[in-house]
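Please work through the exercises below with the structure in view, trying each task before reading its solution.

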Amino acid sequence: MDTLTQILKNNKEWAEKVTKNDPDFFYNLSLQQSPKYLWIGCSDSRVPANQIVNLPPGDVFVHRNIANVVVHTDLNALSVIQYAVEVLEVKHIIVCGHYGCGGVKASMDDNQHGLIDNWLRHIQDVHRFHATELDAIADQQLRFDRLCELNVQEQVRNVLNITTVKNAIDAGKELNIHGMIYNINDGLLRNMNI
Ligand code: CO
């Protein structure tokens with residue numbers, strides 16, 4: 001069976017299983033979505049948003065890009081955040097990074113990787129903001145881990161500075177911003193309590 005046939009077969013089986021458990025599941029979802037969470041995560045195939053928090057379709061509004069970066073001028077991310085906050089009225093925005101992030105790793109070496117280097121500059125900025133702390137870590141792996149964590153911290157800060165988010169908080173809307181980091185080695189998510 002070729003790959004595409006396989007994924008279509010998987011989909012059919014999944015839809016049947018869901019319908020068997022709850023015959024109205026897809027009908028109810030078709031009427032509206034009211035997710036409580038906006039997830040901003042990495043595109044990495046090992047960090048699928050819904051799956052790692054065990055939530056069904058309809059519960060998480062998702063934005064993913066390489067290295068879970070929130071850039072002030074990224075129309076894509078800004079639009080997702082505006083829609084999530086103003087229309088869907090999510091209660092939580094979760095910025096989720098992960099250890100072993102290829103984007104973060106690539107930002108730490110001196111090699112050229114093509115177009116993506118321009119995106120990774122944002123992580124090099126994070127590196128520069130925290131140069132004193134990072135340069136003091138002798139072990140390369142620990143420094144890499146720490147940059148993955150600091151990247152989450154900085155992206156949470158960037159979320160807080162987005163006008164849509166600022167306005168919602170000023171208007172007294174219930175909106176909580178969290179930074180989390182996922183460990184690919186054990187499948188566990190940790191709240192960084194930022
Ligand atoms: Co990544």
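**Exercise 1.** Determine at what angle helix α6 and helix α8 pack, and which residues meet there.

*Solution.* Begin with the axes, which are lines fitted to C-alpha atoms, for helices over the stretch in contact, with angles running from 0 to 180 degrees between N-to-C directions. Helix α6 (residues 116–129) and helix α8 (residues 140–160) have axes 10 Å apart and pack at an angle of about 100 degrees. That makes α6 roughly perpendicular to α8, given that angles of 65 to 115 degrees count as roughly perpendicular, under 35 as roughly parallel, over 145 as roughly antiparallel and the rest as oblique. Next, look for contacts, meaning heavy atoms within 4.5 Å: Ile123, Val126, His127 and Phe129 on the α6 side meet Leu147, Leu150, Asn151, Glu154 and Gln155 on the α8 side. Finally, sort the residues of this contact, which divide into 5 nonpolar, 3 polar and 1 charged; here Ala, Val, Leu, Ile, Met, Phe, Trp, Tyr, Cys and Pro count as nonpolar, Asp, Glu, Lys and Arg as charged, and the others, Gly among them, as polar.

The model is predicted, so local features need pLDDT of at least 70 and side-chain atom pairs count only at pLDDT 80 or more, while totals for chains, interfaces and linings use all residues. Residues are numbered from 1 along each chain as its sequence is written, and side-chain values use heavy atoms, with hydrogens and water left out.

**Exercise 2.** Describe how α4 and α9 are placed relative to each other.

*Solution.* The axes of α4 (residues 75–87) and α9 (residues 163–170) come within 9 Å and cross at roughly 20 degrees, and the two helices are therefore roughly parallel to each other. On the α4 side the contact is made by Ile81, Gln82, Val85 and Glu86, and on the α9 side by Thr164, Val165 and Ala168. Sorted by kind, the residues of this contact are 4 nonpolar, 2 polar and 1 charged.

**Exercise 3.** Find which residues coordinate the cobalt ion and where the two cysteines lie in the chain.

*Solution.* Take as donors the N, O and S atoms within 2.8 Å of the metal (3.2 Å for Na, K and Ca); water is not among the atoms, so sites may look incomplete. The cobalt ion is coordinated by Cys42 (SG), His98 (NE2) and Cys101 (SG), at 2.0 to 2.3 Å, and the spacing of these donor residues in sequence is C-x55-H-x2-C. Cys42 belongs to strand β1 (residues 37–42), whereas Cys101 sits in the loop between β3 (92–98) and α5 (102–108), so that the pair links distant parts of the chain, 59 residues apart. Both Cys42 and Cys101 are buried, where buried means under 20% relative accessible area, exposed over 50% and partly exposed in between (1.4 Å probe, protein chains only).

**Exercise 4.** Is Ala67 buried or exposed, and what is the phi of this residue?

*Solution.* Ala67 lies in the loop between β2 (60–65) and α4, and its phi is near 70 degrees, a positive value in a residue other than glycine. With a relative accessible area of 0%, Ala67 is buried.

**Exercise 5.** State how many helices and strands the protein chain has.

*Solution.* Count DSSP runs, numbered from the N terminus, taking helices as H or I of at least four residues and strands as E of at least two. The protein chain comes to 9 helices and 5 strands, and buried residues make up 38% of its 194 residues.
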